[in-house]
Amino acid sequence: MNVRHEAFCLADPWFFDRRREMSADDLAAPPYSPQWTVEETPHWRFLRPSGTALPEQGWAVEVSAAPGNVDRVLDRIREYCRTRRLHHRHLRSRSIFLDRNAEYPTTGGTGALATIYPPDNNALERILDDLSELLAGEPGPDIDGALRCGKCPIHVHYGGFAELWTEHGGARVPALRRPSSALEPAPRGPDFSVPDWVRIPDCVAEYTDAPIPPHPVAEVLSQAHGTAVYLAERGGERVVVEEAWPFTGLDGNGVDAVARLERKNDLFARLAGIPGIPKTHAYLSGQRHYLVREHRPGLPLDVWLARHYPLTRRDCPEADLAAYRGQALSVLAQVDRIVAEAAERGVVLENPRDILVDSSGTVSLIGFDRDETALRLRLFLPLAPLYRLVPERLRWAAELTERRFSLPAGYADRIAPPTEPAHTELDEPRPDWTLVRKQIAEALLACATPDRQDRLFPGDIEQFRVGGATFGTGAAGVLHSLHVAGVGRFPEHEQWLLDAIDGHQPSRAGFYDGSHGIAYVLEEFGYRKAAGDLLAASRALVDQTVGHDLASGLAGVGLTRLHFAATRADNEFGRQALNIGIRLAEALDTAEPPGASARAGLLHGWSGPALLFLRLYERTGEPAWLSFADQALERDLEECVPAPDGSLAVRDGDRGSQRGAGIGSAGILIVTEQLARYRFDAKAARSLPALRVACRGEFALHPGLLNGRSGLAAGLAFSSAPDRRAQDAIDRHLTRLSWYAVPFRGGLAFPGSHLLRLSADVATGGAGVLRTLSALQDGTELLPFLGPTPRVSHESTVDVSVDMSISRQFRHAEP
C-alpha cells in the first residue's frame, strides 16, 4: 500500500484531495502599519517592511513549533520582526501547519512555521542570539533540509530570498545563483546541505553536528516526514533502526511520530516471545528517538502477493491454485495465531497490516497498524480497498473468492454476510456498451469542479505535483478523451484549461505531465494561438530536457512537434522533431542499463522513443529509423523476464513483474506490433508471442488504461495476427471491468491508484477506460501518436456507436 496515497484520502470520501483548509484556522496577523506590505500565496503570508531590500539569496532562519504552541511562537516571531523591521513569512493557517507537519504532507513543505530573512550575516548572528532567548524552552520539531541551532526550535538553511528558477531534467525548479551568475538547482531533500561555493558563517558552523542513528546505516528502507526506517549493522548483526522526530510526523489523528514509536516499543515488549514478533534491543530518546529491533527476513505482504498471486498468469492450472491456496491459508493461520496469543496478553490486534512473509512462508508482524480490509479477502482477491467505495459488492467478492479458490464452505460468511449486491450494466451477460460508455462519460462530467483553480477533474495524486491541467492526470486528457469518444465538447471546461495556462510559465515540458500534452489538446480543439504560445514558452525547458521517455521526456516532446509539423504544414516543427529523434538515437548506445525498479513500457521506457522513430520513418521513409526503433525496443526487452506460463513481463525488483501499458509488457507490445508491420523480421518482433501471453492474465489489480486491465485489453488489440485466444482475453478484460465499476451520480466511475479513491484521469481512471472502449469498438486512436486502433468484435456488443444524447445536455464548444 502506498501510504502517500492514503494521506490524500483524508479530505474526501470519493476522490484524492489535499487536506482542506478551514477559515477558522487562519493564523491572522495583527494589523501592521501602512509601512508594511502584506502578500499572500496559497500557503504563506509574506510581510515586508517598506524602504528595505534583500539580496536574492542568503542564510534564512526558519522556526518550527509543536501543535500546542503554534500561536505563542508565532506571536513572538511576528512581534520580533515587526519591531526590528525584518522581512518574514509564516504559514497562513493552522490547517496548513498541521498538513505540513504530517508524516505524509499533501501540500509539500519542510515543517517550518515561519521564516525570517536576515539582510546579511551580521543580522543572522544577532537574530540567532535573540531567538535563542526569546524561544527558550519552546518545543518544536526539526525541519527538513535545515540545520537546528541549539535546543530551541530555530534552524538555518541557505536558499533563495527572491524567486529564481532554472530548468533541470525537464522541469522548472527553484535555483540559486553561483558567483559566476550562472543558475543551478537549489539543494532539496531531508538533509542539511550547502552549495560548495557558500561559506558557512561561524555562528552556524558551531551547530553542524546533526543527530545520526545509533548504528551504522547500510540502507534506508523507508523515509517520510519525521520518520525513517534503516537497515543497520550492530556488532556484526543486521538490525532495523526506526527513527522518529518529536512534535511532527503527525498521523490522521494528530499523533506525532514519537508517540507512535513509543507505543510500538511498548507493544513489542508486551508481546515479546510470541513467534513472529521481532525482539527489541534498545529504545533511545533525545533530539530524535530510535527503536533498535531484530531484523526479520521477508517481503511485505503486498509485495509477496505481487510475486505469488497466481491469477496474473494466463490459464492458471488447478495445481498452481491449490499450491497458492495452501500458502495463503498458512499465512492467514499464522497471523490468526499471533492475534490470538496477543489477545491472551490483553493486546487487541485488529486485522494487522504490517506483515512480512519470508521465503519459507513464515510470517512476522513488524508493526501494529490496522488494515481497513479483512486479510482473509486480501489474500485471495487483492481488490479489497475498492469495497470501501462500494461496500455492496463485498459479499460478491467473498463468494467469488470462495468459489475460484475452492475454499472451505462458509469461508465467504467470515468476510461478509449475505447481501443484495450492487448491479451495473457491466454485470449484464451481454452489456449494452453504448450505455456503458454513456454512463462513464456522465460520471466524468458529474465530478468536474470548474470553480476550483487547482484541478478540474479529480485524478491521481500526481496532479497535485504537476498541476491539474495535464494530459496524463489532469483536465487536458479528460477533455480530449470525451472528444475522441464522441461525447462532445464542453466550452466551460475548455475555458478552464485556457485559464489554467494563461499567464503562467510552464514548469514541465513533458507530454503526459507538462506543457506539450496540453498544447496537443489545445491544437486539436482549434486553439492554435494558445497552443503555439505554450510551446514557445516551453523552449528553455525542452533545451534542458534529457530524459528519453514519452511521459515527461524527449519522446513526448518530439512526437508533439512532429504532430504540429503535420497539422500546420510547418517544416520548422518537423526539423525540431528530427533533431530530437537524432538526439535519442545517439543516446541509445550510451543509455544507462536497467535499474532495480521497472521503467520499460510506453510511458517511461524506450518504447516511447521507439514510437517516435516509427513516426519519423513514416514521415521520411528512411529505413534507419526502423533500426533505431528495433534497438530501442530491445532496450526495454532487456528489463523483461520469462515466466513459467510463457509470458514476458517487466521485472520490478522485489515487487515481482509489471504487465501494464504505462510500465510493463502491454506498452512494449503496442509499439512492437507496429514495428512488425514494417519489419516483420525485427529482433524485437521475436518477443511478440510472449508479450501477448503476458496480457492474457485472469487478474489485474487496476482497471485503468496505463496501469491496469484496460491497457492489457488494448495491447492485445494491436496484434497483427489476432486469434481466438486473444479475442477471448480481450472479452474477459472488458467484461471484468464490472469488478471495479462504482455507481456514481447516475454514471459509472472507476477507482484509481491502489483502488483507494475514484479517478477521472487518462492514466488511472475513467477517461482511460472510456478511451479504451472507444478505441476497441470504434477504431479511434487509443492514445495520441499510436494511430487508429484495430477494431475488435466483442460478442457482448449490442451497438458500438455512442449515443450522443449526453452531449446535448451541454453546449458544444467552438474555439
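On the side of domain 1 that touches domain 2, the residues divide into 11 nonpolar, four polar and five charged.

## The model and its confidence

What you see here is a predicted model. The mean pLDDT of the protein is 92, and 96% of its residues reach 70 or more. One stretch to read with care is residues 795-815, where pLDDT stays under 50. For that stretch the model has 57 contacts beyond four places in sequence.

## How domain 1 meets domain 2

To find your way around, begin with the domain assignment, which gives domain 1 (3-206), domain 2 (217-294) and domain 3 (306-422). The contact between domain 1 and domain 2 takes 20 residues from domain 1 and 14 residues from domain 2. The C-alpha centres of these two domains lie 28 Å apart.

The size of an interface is often given as the accessible area lost when the parts come together. Domain 1 and domain 2 bury about 1,300 Å² between them, and 57% of that area is on carbon and sulfur atoms.

## Salt bridges

Side chains of opposite charge can pair when their charged atoms come close. The interface of domain 1 and domain 2 holds two salt bridges. Elsewhere in your tour, look for Asp142 and Arg288, whose side chains meet in a salt bridge at 2.8 Å, N to O.

The whole structure has 52 salt bridges. One of them joins Arg353 and Glu6, with the closest N and O atoms 3.4 Å apart. This pair links distant parts of the chain, 347 residues apart. Arg353 sits in the loop between α8 (318-344) and β17 (355-357), while Glu6 belongs to helix α1 (residues 3-7).

Technical notes
Residues are numbered from 1 along each chain as its sequence is written. This is a predicted model: local features need pLDDT of at least 70, side-chain atom pairs count only at pLDDT 80 or more; totals for chains, interfaces and linings use all residues. Side-chain values use heavy atoms; hydrogens and water are left out. Domain bounds come from an automatic or database domain assignment. Contact means heavy atoms within 4.5 Å. Buried area is the accessible area (1.4 Å probe) that two parts lose on being put together, summed over both. A salt bridge is a side-chain nitrogen of Lys or Arg within 4 Å of a carboxyl oxygen of Asp or Glu. Ala, Val, Leu, Ile, Met, Phe, Trp, Tyr, Cys and Pro count as nonpolar, Asp, Glu, Lys and Arg as charged, and the others, Gly among them, as polar. pLDDT is the predictor's confidence in each residue, from 0 to 100. Helices (H or I, at least four residues) and strands (E, at least two) are DSSP runs, numbered from the N terminus.
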